[in-house]
Amino acid sequence: MPTTDQEPPMTDPVNTCTDPHAESDPAKTGHTPWRVAHRRARLRRVLALDTTSGILLLTFAAIAIVWANTPWREAYHHLLAIEIGPESLHLHLTLAQWAADGLLAIFFFVVGVELKHEFVAGGLRDLRLAGVPIAAAVGGMVTPALVYLLVVGTTSDDPSALHGWATPTATDIAFALAVLAICGRGLPLALRTFLLTLAVVDDLLGIIVIATVYTDTIDLLMLGAAVLVVVVFALAVRAPRTHWWLLLPLALVAWALMHASGVHATVAGVLLGFVVPAKPIRGEKLSRAELFDETVRPWSSSVALPVFAFAAAGVSIVGAGGALVEPVSLGIVAGLVLGKIVGVLGATAVMTRFTPLRLPDAIGLRDLVPIGMLTGVGFTVALLISELSFEDGEHAAPAKAAILIGSVIAAALAGLLLRWDARKTRDPDMNRDGIPDRDIEVIGG
(Lines give C-alpha, C1' and ligand atoms only; values in the text may rest on other atoms or scores of the structure.)
Protein backbone atom coordinates (compact mmCIF):
# COMPACT_ATOMS: atom_id res chain seq x y z
CA MET A 1 0.00 0.00 0.00
CA PRO A 2 1.29 3.47 -0.73
CA THR A 3 3.03 5.73 1.71
CA THR A 4 4.08 9.32 1.39
CA ASP A 5 7.43 8.65 3.07
CA GLN A 6 10.03 9.96 0.67
CA GLU A 7 12.32 7.59 -1.18
CA PRO A 8 16.04 7.82 -0.34
CA PRO A 9 17.60 10.78 -2.14
CA MET A 10 19.26 10.26 -5.48
CA THR A 11 22.42 11.78 -4.03
CA ASP A 12 23.63 11.50 -0.45
CA PRO A 13 24.62 14.89 0.96
CA VAL A 14 26.85 13.24 3.56
CA ASN A 15 30.05 11.61 2.40
CA THR A 16 30.60 8.60 4.61
CA CYS A 17 33.92 7.63 3.06
CA THR A 18 36.75 7.88 5.58
CA ASP A 19 39.44 8.51 2.96
CA PRO A 20 39.97 12.31 2.77
CA HIS A 21 41.24 11.97 -0.79
CA ALA A 22 38.23 9.95 -1.96
CA GLU A 23 35.76 11.28 -4.51
CA SER A 24 32.86 13.14 -2.89
CA ASP A 25 30.41 12.12 -5.63
CA PRO A 26 28.50 9.05 -4.37
CA ALA A 27 27.85 7.96 -7.96
CA LYS A 28 31.60 7.66 -8.51
CA THR A 29 32.42 6.10 -5.15
CA GLY A 30 29.81 3.40 -5.66
CA HIS A 31 28.00 4.47 -2.48
CA THR A 32 25.65 1.52 -1.89
CA PRO A 33 22.56 3.35 -0.53
CA TRP A 34 22.65 5.80 -3.43
CA ARG A 35 23.00 3.04 -6.02
CA VAL A 36 20.16 1.00 -4.49
CA ALA A 37 17.87 4.04 -4.33
CA HIS A 38 18.74 4.98 -7.92
CA ARG A 39 18.02 1.49 -9.21
CA ARG A 40 14.75 1.26 -7.30
CA ALA A 41 13.58 4.61 -8.61
CA ARG A 42 14.51 3.70 -12.18
CA LEU A 43 12.78 0.31 -11.88
CA ARG A 44 9.60 1.98 -10.60
CA ARG A 45 9.64 4.40 -13.52
CA VAL A 46 10.07 1.57 -16.03
CA LEU A 47 7.29 -0.53 -14.48
CA ALA A 48 4.92 2.45 -14.51
CA LEU A 49 5.36 3.07 -18.26
CA ASP A 50 2.35 2.45 -20.51
CA THR A 51 4.44 0.25 -22.79
CA THR A 52 5.77 -1.88 -19.92
CA SER A 53 2.29 -2.48 -18.55
CA GLY A 54 0.93 -3.42 -21.97
CA ILE A 55 3.79 -5.80 -22.72
CA LEU A 56 3.43 -7.55 -19.35
CA LEU A 57 -0.33 -7.89 -19.81
CA LEU A 58 0.10 -9.34 -23.27
CA THR A 59 2.86 -11.72 -22.15
CA PHE A 60 0.95 -13.17 -19.20
CA ALA A 61 -2.23 -13.45 -21.24
CA ALA A 62 -0.32 -15.26 -24.00
CA ILE A 63 1.19 -17.68 -21.47
CA ALA A 64 -2.28 -18.46 -20.12
CA ILE A 65 -3.77 -18.97 -23.59
CA VAL A 66 -0.95 -21.26 -24.71
CA TRP A 67 -1.00 -23.26 -21.46
CA ALA A 68 -4.79 -23.63 -21.56
CA ASN A 69 -4.57 -25.14 -25.05
CA THR A 70 -1.83 -27.70 -24.43
CA PRO A 71 -2.15 -31.30 -23.20
CA TRP A 72 -1.33 -29.88 -19.74
CA ARG A 73 -4.32 -27.53 -19.66
CA GLU A 74 -5.91 -29.39 -16.74
CA ALA A 75 -2.94 -28.34 -14.60
CA TYR A 76 -3.69 -24.71 -15.43
CA HIS A 77 -7.33 -25.01 -14.38
CA HIS A 78 -6.43 -27.01 -11.25
CA LEU A 79 -3.92 -24.31 -10.27
CA LEU A 80 -6.54 -21.59 -10.46
CA ALA A 81 -9.04 -23.77 -8.56
CA ILE A 82 -6.81 -24.02 -5.47
CA GLU A 83 -8.63 -22.49 -2.49
CA ILE A 84 -6.90 -20.48 0.21
CA GLY A 85 -7.95 -17.96 2.84
CA PRO A 86 -9.85 -17.96 6.15
CA GLU A 87 -13.25 -19.59 5.78
CA SER A 88 -14.51 -17.94 8.99
CA LEU A 89 -14.26 -14.57 7.25
CA HIS A 90 -15.88 -15.88 4.06
CA LEU A 91 -12.54 -15.40 2.30
CA HIS A 92 -11.81 -19.02 1.44
CA LEU A 93 -11.49 -18.25 -2.27
CA THR A 94 -9.90 -19.83 -5.30
CA LEU A 95 -6.74 -18.32 -6.74
CA ALA A 96 -8.82 -17.13 -9.70
CA GLN A 97 -11.18 -15.33 -7.32
CA TRP A 98 -8.28 -13.79 -5.41
CA ALA A 99 -6.94 -12.46 -8.71
CA ALA A 100 -10.30 -10.98 -9.77
CA ASP A 101 -11.47 -9.73 -6.37
CA GLY A 102 -8.18 -9.07 -4.62
CA LEU A 103 -5.37 -8.16 -6.99
CA LEU A 104 -7.67 -6.26 -9.31
CA ALA A 105 -8.63 -4.02 -6.37
CA ILE A 106 -5.06 -2.65 -6.55
CA PHE A 107 -5.66 -1.68 -10.18
CA PHE A 108 -8.95 -0.05 -9.26
CA PHE A 109 -7.25 1.86 -6.45
CA VAL A 110 -5.03 3.44 -9.11
CA VAL A 111 -8.15 4.13 -11.18
CA GLY A 112 -9.72 5.82 -8.14
CA VAL A 113 -6.64 7.99 -7.65
CA GLU A 114 -6.72 8.92 -11.36
CA LEU A 115 -10.40 9.78 -11.14
CA LYS A 116 -9.81 12.01 -8.12
CA HIS A 117 -6.91 13.77 -9.85
CA GLU A 118 -8.90 14.27 -13.05
CA PHE A 119 -11.90 15.71 -11.20
CA VAL A 120 -9.86 18.02 -8.96
CA ALA A 121 -6.78 18.99 -10.95
CA GLY A 122 -7.02 17.29 -14.34
CA GLY A 123 -9.06 17.28 -17.50
CA LEU A 124 -12.42 16.67 -15.81
CA ARG A 125 -12.29 19.80 -13.64
CA ASP A 126 -13.43 22.01 -16.53
CA LEU A 127 -16.58 20.82 -18.30
CA ARG A 128 -15.66 22.89 -21.35
CA LEU A 129 -12.54 20.76 -21.78
CA ALA A 130 -13.97 17.49 -20.48
CA GLY A 131 -17.38 17.66 -22.17
CA VAL A 132 -16.33 16.04 -25.45
CA PRO A 133 -14.34 13.09 -23.99
CA ILE A 134 -17.11 12.50 -21.43
CA ALA A 135 -19.70 12.36 -24.23
CA ALA A 136 -17.36 10.12 -26.25
CA ALA A 137 -17.06 7.76 -23.26
CA VAL A 138 -20.84 7.57 -22.89
CA GLY A 139 -21.29 6.96 -26.62
CA GLY A 140 -18.50 4.39 -26.49
CA MET A 141 -20.40 2.45 -23.83
CA VAL A 142 -24.00 2.73 -25.00
CA THR A 143 -23.39 1.84 -28.65
CA PRO A 144 -21.43 -1.42 -28.05
CA ALA A 145 -24.11 -2.54 -25.58
CA LEU A 146 -26.80 -1.88 -28.20
CA VAL A 147 -24.77 -3.69 -30.87
CA TYR A 148 -24.36 -6.69 -28.55
CA LEU A 149 -28.06 -6.78 -27.73
CA LEU A 150 -28.95 -6.48 -31.43
CA VAL A 151 -26.64 -9.31 -32.50
CA VAL A 152 -27.46 -11.67 -29.62
CA GLY A 153 -31.15 -10.81 -29.55
CA THR A 154 -31.59 -11.65 -33.22
CA THR A 155 -29.41 -14.78 -33.33
CA SER A 156 -29.91 -16.51 -29.96
CA ASP A 157 -32.91 -18.09 -28.28
CA ASP A 158 -31.15 -18.22 -24.89
CA PRO A 159 -32.20 -15.30 -22.66
CA SER A 160 -29.12 -15.81 -20.43
CA ALA A 161 -26.92 -14.78 -23.34
CA LEU A 162 -28.25 -11.24 -23.00
CA HIS A 163 -26.70 -10.96 -19.53
CA GLY A 164 -23.35 -10.14 -21.09
CA TRP A 165 -24.51 -6.86 -22.66
CA ALA A 166 -21.97 -4.84 -20.64
CA THR A 167 -18.96 -6.96 -21.66
CA PRO A 168 -17.98 -4.98 -24.81
CA THR A 169 -18.49 -1.61 -23.11
CA ALA A 170 -15.19 -1.60 -21.18
CA THR A 171 -11.88 -0.07 -22.30
CA ASP A 172 -8.56 -1.33 -20.98
CA ILE A 173 -6.57 1.78 -20.02
CA ALA A 174 -3.23 0.00 -19.79
CA PHE A 175 -3.44 -1.73 -23.17
CA ALA A 176 -4.91 1.28 -24.98
CA LEU A 177 -2.24 3.68 -23.68
CA ALA A 178 0.48 1.15 -24.48
CA VAL A 179 -0.61 0.90 -28.12
CA LEU A 180 -0.82 4.70 -28.34
CA ALA A 181 2.67 5.08 -26.84
CA ILE A 182 4.16 2.58 -29.30
CA CYS A 183 2.32 3.53 -32.50
CA GLY A 184 1.37 7.16 -31.87
CA ARG A 185 4.82 8.74 -31.95
CA GLY A 186 4.67 12.19 -33.52
CA LEU A 187 0.98 12.75 -32.73
CA PRO A 188 -0.06 15.52 -30.29
CA LEU A 189 0.36 14.70 -26.62
CA ALA A 190 -3.15 16.10 -26.11
CA LEU A 191 -4.40 12.95 -27.83
CA ARG A 192 -3.11 10.87 -24.92
CA THR A 193 -4.85 13.19 -22.47
CA PHE A 194 -8.09 12.84 -24.45
CA LEU A 195 -7.82 9.03 -24.47
CA LEU A 196 -6.95 8.95 -20.76
CA THR A 197 -9.92 11.16 -19.86
CA LEU A 198 -12.24 9.07 -22.03
CA ALA A 199 -10.93 5.80 -20.55
CA VAL A 200 -11.16 7.07 -16.96
CA VAL A 201 -14.82 8.07 -17.48
CA ASP A 202 -15.36 4.71 -19.19
CA ASP A 203 -13.95 2.96 -16.12
CA LEU A 204 -16.11 5.05 -13.80
CA LEU A 205 -19.22 4.02 -15.73
CA GLY A 206 -18.00 0.42 -15.75
CA ILE A 207 -17.58 0.53 -11.98
CA ILE A 208 -21.14 1.82 -11.61
CA VAL A 209 -22.38 -1.06 -13.79
CA ILE A 210 -20.41 -3.61 -11.74
CA ALA A 211 -21.66 -2.18 -8.45
CA THR A 212 -25.32 -2.11 -9.52
CA VAL A 213 -26.13 -4.53 -12.33
CA TYR A 214 -23.88 -7.36 -11.17
CA THR A 215 -24.73 -7.26 -7.48
CA ASP A 216 -27.47 -9.73 -6.56
CA THR A 217 -27.95 -9.07 -2.85
CA ILE A 218 -26.41 -6.40 -0.63
CA ASP A 219 -25.69 -6.75 3.07
CA LEU A 220 -26.34 -3.15 4.13
CA LEU A 221 -24.63 -3.64 7.51
CA MET A 222 -21.40 -4.83 5.90
CA LEU A 223 -21.64 -2.14 3.22
CA GLY A 224 -22.08 0.55 5.86
CA ALA A 225 -19.11 -0.82 7.82
CA ALA A 226 -16.99 -0.77 4.64
CA VAL A 227 -17.93 2.86 3.96
CA LEU A 228 -17.11 3.74 7.59
CA VAL A 229 -13.64 2.22 7.26
CA VAL A 230 -13.13 4.15 4.02
CA VAL A 231 -13.96 7.34 5.96
CA VAL A 232 -11.36 6.43 8.59
CA PHE A 233 -8.88 5.80 5.76
CA ALA A 234 -9.72 9.24 4.34
CA LEU A 235 -8.91 10.85 7.69
CA ALA A 236 -5.70 8.86 8.09
CA VAL A 237 -4.50 9.72 4.60
CA ARG A 238 -4.84 13.43 5.44
CA ALA A 239 -2.81 13.18 8.63
CA PRO A 240 0.42 15.21 8.90
CA ARG A 241 2.35 12.03 8.18
CA THR A 242 1.00 8.84 6.66
CA HIS A 243 2.18 5.34 7.57
CA TRP A 244 1.78 2.14 5.57
CA TRP A 245 1.29 0.10 8.74
CA LEU A 246 -1.94 2.05 9.37
CA LEU A 247 -3.22 2.59 5.83
CA LEU A 248 -2.66 -0.98 4.64
CA PRO A 249 -4.73 -2.66 7.41
CA LEU A 250 -7.51 -0.10 6.91
CA ALA A 251 -7.53 -0.80 3.17
CA LEU A 252 -7.62 -4.56 3.73
CA VAL A 253 -10.51 -4.28 6.21
CA ALA A 254 -12.46 -2.02 3.82
CA TRP A 255 -11.87 -4.51 1.01
CA ALA A 256 -12.94 -7.51 3.13
CA LEU A 257 -16.11 -5.76 4.33
CA MET A 258 -17.00 -4.70 0.78
CA HIS A 259 -16.50 -8.29 -0.37
CA ALA A 260 -18.75 -9.54 2.43
CA SER A 261 -21.44 -6.99 1.56
CA GLY A 262 -22.08 -8.54 -1.83
CA VAL A 263 -20.84 -5.51 -3.78
CA HIS A 264 -17.85 -6.41 -5.92
CA ALA A 265 -14.73 -5.92 -3.80
CA THR A 266 -12.94 -3.85 -6.45
CA VAL A 267 -15.35 -1.00 -5.65
CA ALA A 268 -13.49 -0.65 -2.35
CA GLY A 269 -10.30 0.02 -4.29
CA VAL A 270 -11.98 2.83 -6.22
CA LEU A 271 -13.39 4.45 -3.07
CA LEU A 272 -10.06 4.25 -1.26
CA GLY A 273 -8.28 5.86 -4.19
CA PHE A 274 -10.93 8.53 -4.53
CA VAL A 275 -10.48 9.83 -0.98
CA VAL A 276 -6.75 10.50 -1.41
CA PRO A 277 -6.12 14.30 -1.57
CA ALA A 278 -5.51 15.39 -5.17
CA LYS A 279 -4.10 18.81 -4.26
CA PRO A 280 -0.98 19.45 -2.17
CA ILE A 281 -1.72 19.85 1.53
CA ARG A 282 0.37 20.82 4.55
CA GLY A 283 2.89 22.64 2.40
CA GLU A 284 3.80 19.60 0.32
CA LYS A 285 5.11 20.14 -3.22
CA LEU A 286 3.26 17.16 -4.70
CA SER A 287 -0.26 16.02 -3.94
CA ARG A 288 -0.64 12.76 -2.08
CA ALA A 289 -2.63 11.41 -5.01
CA GLU A 290 0.48 11.83 -7.18
CA LEU A 291 2.72 10.23 -4.56
CA PHE A 292 0.35 7.30 -4.04
CA ASP A 293 0.01 6.85 -7.79
CA GLU A 294 3.80 6.72 -8.18
CA THR A 295 4.02 4.17 -5.37
CA VAL A 296 1.16 1.84 -6.27
CA ARG A 297 1.12 2.03 -10.08
CA PRO A 298 4.25 -0.14 -10.54
CA TRP A 299 2.62 -2.85 -8.40
CA SER A 300 -0.61 -2.54 -10.34
CA SER A 301 1.02 -2.71 -13.77
CA SER A 302 3.68 -5.32 -12.98
CA VAL A 303 1.84 -7.63 -10.58
CA ALA A 304 -1.93 -7.10 -10.27
CA LEU A 305 -2.88 -6.72 -13.93
CA PRO A 306 -0.54 -9.40 -15.37
CA VAL A 307 -1.56 -11.98 -12.77
CA PHE A 308 -5.24 -11.23 -13.34
CA ALA A 309 -4.65 -11.54 -17.10
CA PHE A 310 -2.98 -14.91 -16.50
CA ALA A 311 -5.93 -16.08 -14.39
CA ALA A 312 -8.66 -14.79 -16.69
CA ALA A 313 -7.31 -15.25 -20.21
CA GLY A 314 -6.74 -19.00 -20.19
CA VAL A 315 -9.53 -20.04 -22.54
CA SER A 316 -9.38 -23.56 -23.96
CA ILE A 317 -10.42 -23.46 -27.61
CA VAL A 318 -9.19 -26.94 -28.52
CA GLY A 319 -12.12 -28.71 -30.12
CA ALA A 320 -14.37 -25.70 -29.54
CA GLY A 321 -14.10 -23.91 -32.86
CA GLY A 322 -17.87 -23.62 -33.09
CA ALA A 323 -17.94 -21.60 -29.88
CA LEU A 324 -16.15 -18.73 -31.63
CA VAL A 325 -19.15 -18.13 -33.91
CA GLU A 326 -21.79 -18.31 -31.18
CA PRO A 327 -24.09 -15.29 -30.78
CA VAL A 328 -22.29 -14.21 -27.58
CA SER A 329 -18.91 -14.26 -29.33
CA LEU A 330 -20.18 -12.41 -32.38
CA GLY A 331 -21.93 -9.82 -30.23
CA ILE A 332 -18.80 -9.09 -28.18
CA VAL A 333 -16.48 -8.84 -31.19
CA ALA A 334 -18.95 -6.62 -33.05
CA GLY A 335 -19.39 -4.45 -29.96
CA LEU A 336 -15.65 -3.98 -29.43
CA VAL A 337 -14.59 -3.50 -33.03
CA LEU A 338 -17.59 -1.67 -34.50
CA GLY A 339 -19.72 -0.42 -31.61
CA LYS A 340 -16.87 1.36 -29.84
CA ILE A 341 -15.62 3.40 -32.79
CA VAL A 342 -19.15 4.27 -33.96
CA GLY A 343 -20.12 5.37 -30.47
CA VAL A 344 -17.00 7.48 -29.84
CA LEU A 345 -17.03 9.17 -33.25
CA GLY A 346 -20.81 9.63 -33.28
CA ALA A 347 -20.95 11.23 -29.84
CA THR A 348 -17.98 13.47 -30.63
CA ALA A 349 -19.49 14.60 -33.93
CA VAL A 350 -22.80 15.47 -32.26
CA MET A 351 -21.14 17.41 -29.44
CA THR A 352 -18.84 19.44 -31.69
CA ARG A 353 -21.55 20.17 -34.25
CA PHE A 354 -24.54 21.03 -32.09
CA THR A 355 -22.95 22.45 -28.91
CA PRO A 356 -20.31 25.13 -28.20
CA LEU A 357 -17.90 22.40 -27.05
CA ARG A 358 -14.84 21.71 -29.18
CA LEU A 359 -12.03 19.21 -29.27
CA PRO A 360 -8.84 20.11 -27.38
CA ASP A 361 -6.21 22.16 -29.15
CA ALA A 362 -4.33 20.32 -31.95
CA ILE A 363 -6.82 17.42 -32.14
CA GLY A 364 -9.14 16.88 -35.10
CA LEU A 365 -11.88 14.39 -35.84
CA ARG A 366 -9.35 12.55 -37.99
CA ASP A 367 -7.31 11.77 -34.87
CA LEU A 368 -10.31 10.22 -33.16
CA VAL A 369 -10.62 7.41 -35.71
CA PRO A 370 -7.67 5.49 -34.18
CA ILE A 371 -8.68 6.62 -30.68
CA GLY A 372 -12.18 5.23 -31.22
CA MET A 373 -10.65 1.97 -32.35
CA LEU A 374 -8.33 1.93 -29.32
CA THR A 375 -11.32 2.03 -26.99
CA GLY A 376 -12.26 -1.36 -28.42
CA VAL A 377 -9.32 -2.89 -26.58
CA GLY A 378 -11.42 -4.28 -23.74
CA PHE A 379 -9.47 -7.03 -22.00
CA THR A 380 -9.06 -6.46 -18.23
CA VAL A 381 -12.43 -4.97 -17.21
CA ALA A 382 -14.20 -6.80 -20.05
CA LEU A 383 -12.89 -10.13 -18.75
CA LEU A 384 -14.05 -9.21 -15.26
CA ILE A 385 -17.54 -8.29 -16.50
CA SER A 386 -17.77 -11.50 -18.55
CA GLU A 387 -16.96 -13.52 -15.43
CA LEU A 388 -19.64 -11.68 -13.49
CA SER A 389 -22.12 -12.11 -16.37
CA PHE A 390 -21.71 -15.81 -17.05
CA GLU A 391 -19.59 -17.15 -14.14
CA ASP A 392 -18.78 -20.71 -15.24
CA GLY A 393 -21.77 -21.19 -17.54
CA GLU A 394 -21.75 -22.29 -21.15
CA HIS A 395 -21.21 -18.75 -22.42
CA ALA A 396 -18.14 -18.04 -20.27
CA ALA A 397 -15.49 -19.53 -22.57
CA PRO A 398 -16.92 -18.08 -25.83
CA ALA A 399 -17.17 -14.66 -24.16
CA LYS A 400 -13.53 -14.69 -23.03
CA ALA A 401 -12.32 -15.92 -26.42
CA ALA A 402 -14.31 -13.14 -28.11
CA ILE A 403 -12.82 -10.50 -25.79
CA LEU A 404 -9.32 -11.62 -26.71
CA ILE A 405 -10.08 -11.74 -30.43
CA GLY A 406 -11.93 -8.42 -30.46
CA SER A 407 -9.22 -6.69 -28.44
CA VAL A 408 -6.46 -7.96 -30.71
CA ILE A 409 -8.34 -6.85 -33.84
CA ALA A 410 -9.05 -3.42 -32.33
CA ALA A 411 -5.44 -2.98 -31.20
CA ALA A 412 -4.03 -4.01 -34.59
CA LEU A 413 -6.36 -1.71 -36.54
CA ALA A 414 -5.71 1.14 -34.09
CA GLY A 415 -1.95 0.72 -34.52
CA LEU A 416 -2.23 0.94 -38.30
CA LEU A 417 -4.55 3.96 -38.09
CA LEU A 418 -2.21 5.74 -35.67
CA ARG A 419 0.73 5.36 -38.05
CA TRP A 420 -1.46 6.56 -40.95
CA ASP A 421 -2.54 9.59 -38.91
CA ALA A 422 1.03 10.40 -37.87
CA ARG A 423 2.21 10.46 -41.50
CA LYS A 424 -0.47 12.86 -42.71
CA THR A 425 0.14 16.61 -42.81
CA ARG A 426 -1.50 18.45 -39.93
CA ASP A 427 -3.58 21.62 -40.36
CA PRO A 428 -2.73 24.72 -38.31
CA ASP A 429 -6.22 24.56 -36.73
CA MET A 430 -7.03 20.89 -36.27
CA ASN A 431 -9.95 21.36 -33.88
CA ARG A 432 -11.59 24.02 -36.07
CA ASP A 433 -12.10 26.54 -33.25
CA GLY A 434 -10.87 29.47 -35.35
CA ILE A 435 -7.69 29.81 -33.28
CA PRO A 436 -4.38 28.50 -34.65
CA ASP A 437 -2.98 25.60 -32.63
CA ARG A 438 -0.24 26.67 -30.24
CA ASP A 439 3.12 24.97 -29.70
CA ILE A 440 2.34 21.27 -29.75
CA GLU A 441 4.01 18.61 -27.63
CA VAL A 442 4.06 15.26 -29.38
CA ILE A 443 4.07 11.68 -28.16
CA GLY A 444 7.62 10.42 -27.99
CA GLY A 445 8.95 13.90 -28.68
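Which residues form a nonpolar patch on the surface? Select Val-138, Val-142, Leu-146, Leu-149 and Leu-162: together they show about 390 Å² of accessible area. A patch here takes residues with over 30% relative accessible area and no salt bridge, joining nonpolar side chains (Val, Leu, Ile, Met, Phe, Trp, Tyr) within 5 Å and like charges within 9 Å. A salt bridge is a side-chain nitrogen of Lys or Arg within 4 Å of a carboxyl oxygen of Asp or Glu. Areas are Shrake-Rupley values with a 1.4 Å probe, and for residues only the protein chains shown count as cover.

Before you click on, note that this is a predicted model: local features need pLDDT of at least 70 and side-chain atom pairs pLDDT 80 or more, while totals for chains, interfaces and linings use all residues. Numbering starts from 1 along each chain as its sequence is written, and side-chain values use heavy atoms, without hydrogens or water.

Now zoom in on Val-142, in helix H6 (residues 127-155). Helices (H or I, at least four residues) and strands (E, at least two) are DSSP runs, numbered from the N terminus. Val-142 counts as partly exposed because its relative accessibility is 44%; buried is under 20% relative accessible area, exposed over 50%, partly exposed in between (1.4 Å probe, protein chains only).

Next, pick Leu-330 in helix H13 (residues 327-354). At 41% relative accessibility, Leu-330 is also partly exposed.

Finally, zoom out. The chain has 16 helices and 2 strands, and 49% of its 445 residues are buried.
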